[in-house]
Amino acid sequence: MEGSIRSARIHEYNKPLELDNISKPAIRGDEQVLVKVGATGLCHSDLHLINGEWKDILPLNLPKTPGHEIAGWVEEVGKSVPENIVKPGDLVAVFGGWGCGSCIYCKSGDEQLCSFAKWPGLSSFDGGFSEYVLVPSYRFLVNVAGLGVHPENLAPLTDAGLTPYRAIKKVKSTLGPGKKIGIIGIGGLGSYAVQYAKILGSGSKIFALDRSNSKLELASKCGADYQINIQSTENLVDRIRTETEGKMLDVIIDCVGTDRTFYDSINILAKGGTIVVVGLFGTAAKIPIASTVLNEYRILGSLWGNYNELREVIELLKDGKIKSNTTKFNLDDVNKAINLLKDGQIVGRGVLIP
Ligand SMILES: [Zn+2]
Ligand SMILES: [Zn+2]
């Protein structure tokens, strides 16, 4: 079919994606940019979406192409896109939070918090499990032409490599020599979280917690000082007490976000400690009021990251200060990749190459 592209799309919730030939998106707005996808990361949010778990809070018109961690090359630009910002052929990272640009959050730079934000693959816009993606404005692109980075390393930075960066920046001032930071869940986000804990932690000791030994091995390669298998450790609280000489953990970055990981976090937190929740696996957990008050716990949420934070993590990648740990899949193998992610079998971030 002339002018057709291949996209992996949700036709029905909880069913495998279908590889469709659809017509190539056409530029309709002056600010729009058509990006030829180089790589798209596969996120747990995609699983929630594909399984239909979010259909009430995030209603979609099906069929829909998922994928919100996108890097690729500019193919075509609208009339008012300034050439000094992006031009055809440039390699770009696609910032995911497509805010309105006018509200208080957008004006302060946090477009990912915009109440009207659209996300590629999570809104009316199709995402990156496709050969091409239409981006509504050049404002959402970070131009990395000439930086010598590869799309498969760049794509995961737009979410997996961005979310823990923002989370750890929020608690950076509480870290330092003698402090201890725990990262729960060494999946796509966690392997970056360990690296940021190393860079932003100013000498803090890093504890990686997961159920999989191969993921804990990756955490060790990324710079974790302690690897703790939360499945096979009989008494997590005792173990942390021993390893920290009774001091427990000052900061916990929860990349999983279930009631179980929340209660584990509360139990191993030091006085005055902070839990930052970034994972979205669970729905609710009860906050123990007395111990939260008596121990002055802080419980924070952190959503994605903003545009400038994306630029910062790209700087770290470019300078070789962080590494993207990826497993590559062809777009044709999208359902295989989804099943492996579901089973917790992907070490690092799964990345689809169209
Ligand atoms: Zn995501
Ligand atoms: Zn806004």
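This is a predicted model: local features need pLDDT of at least 70, side-chain atom pairs count only at pLDDT 80 or more; totals for chains, interfaces and linings use all residues.
Four donors count as tetrahedral if all angles lie between 85 and 135 degrees. Donors here are N, O and S atoms within 2.8 Å of the metal (3.2 Å for Na, K and Ca), and since water is not among the atoms, sites may look incomplete. Residues are numbered from 1 along each chain as its sequence is written, chains are lettered from A and ligands numbered from 1 in the order in which they are written, and side-chain values use heavy atoms, with hydrogens and water left out.

Now to the zinc ion (ligand 2). Its protein donors are the SG atoms of C100, C103, C106 and C114, which sit 2.3 to 2.4 Å from it. The angles among the four donor atoms come to 105 to 116°, so by the tetrahedral criterion the site qualifies. Along the sequence, these donor residues follow the spacing C-x2-C-x2-C-x7-C. How covered are they? Take two of them: C103 is buried, at 16% relative accessible area, whereas C100 is partly exposed at 33%. For those labels, buried means under 20% relative accessible area, exposed over 50%, and partly exposed in between (1.4 Å probe, protein chains only).

Step back to the whole protein chain, and you find eleven helices and 15 strands. Helices (H or I, at least four residues) and strands (E, at least two) are DSSP runs, numbered from the N terminus. The radius of gyration is 20 Å, close to the 20 Å that the globule rule gives for 354 residues, so the chain is as compact as a globular protein of that length. That radius is taken over C-alpha atoms, and the rule is 2.2 Å times the number of residues to the power 0.38. The C-alpha trace spans about 65 × 40 × 35 Å along its principal axes, and 54% of the 354 residues count as buried. Among contacts with a separation of 6 or more, 69% are between residues 24 or more positions apart; contact means heavy atoms within 4.5 Å.

Strand β8 (residues 180–184) lies parallel to β9 and is joined to it by five bridges, with K180 opposite K205. Strands pair if DSSP finds at least two bridges between them. As for β9 itself (residues 205–210), five of its six residues are buried.

Finally, some backbone details in the loops. L62 and P63 are joined by a cis peptide bond, with omega about 0°, and P63 lies between α1 (44–50) and β4 (69–77). N14, in the loop between β1 (4–9) and β2 (18–23), has a positive phi near 65° without being a glycine. M248 also has a positive phi, about 65°, and is not a glycine either; its loop links α7 (236–243) and β11 (249–254). Are these residues buried or exposed? N14 is exposed at 54% relative accessibility, while M248 is buried at 8%.

How values were computed: Four donors count as tetrahedral if all angles lie between 85 and 135 degrees; four count as square planar and six as octahedral if opposite donors are over 155 degrees apart and all others between 65 and 115; anything else is irregular.
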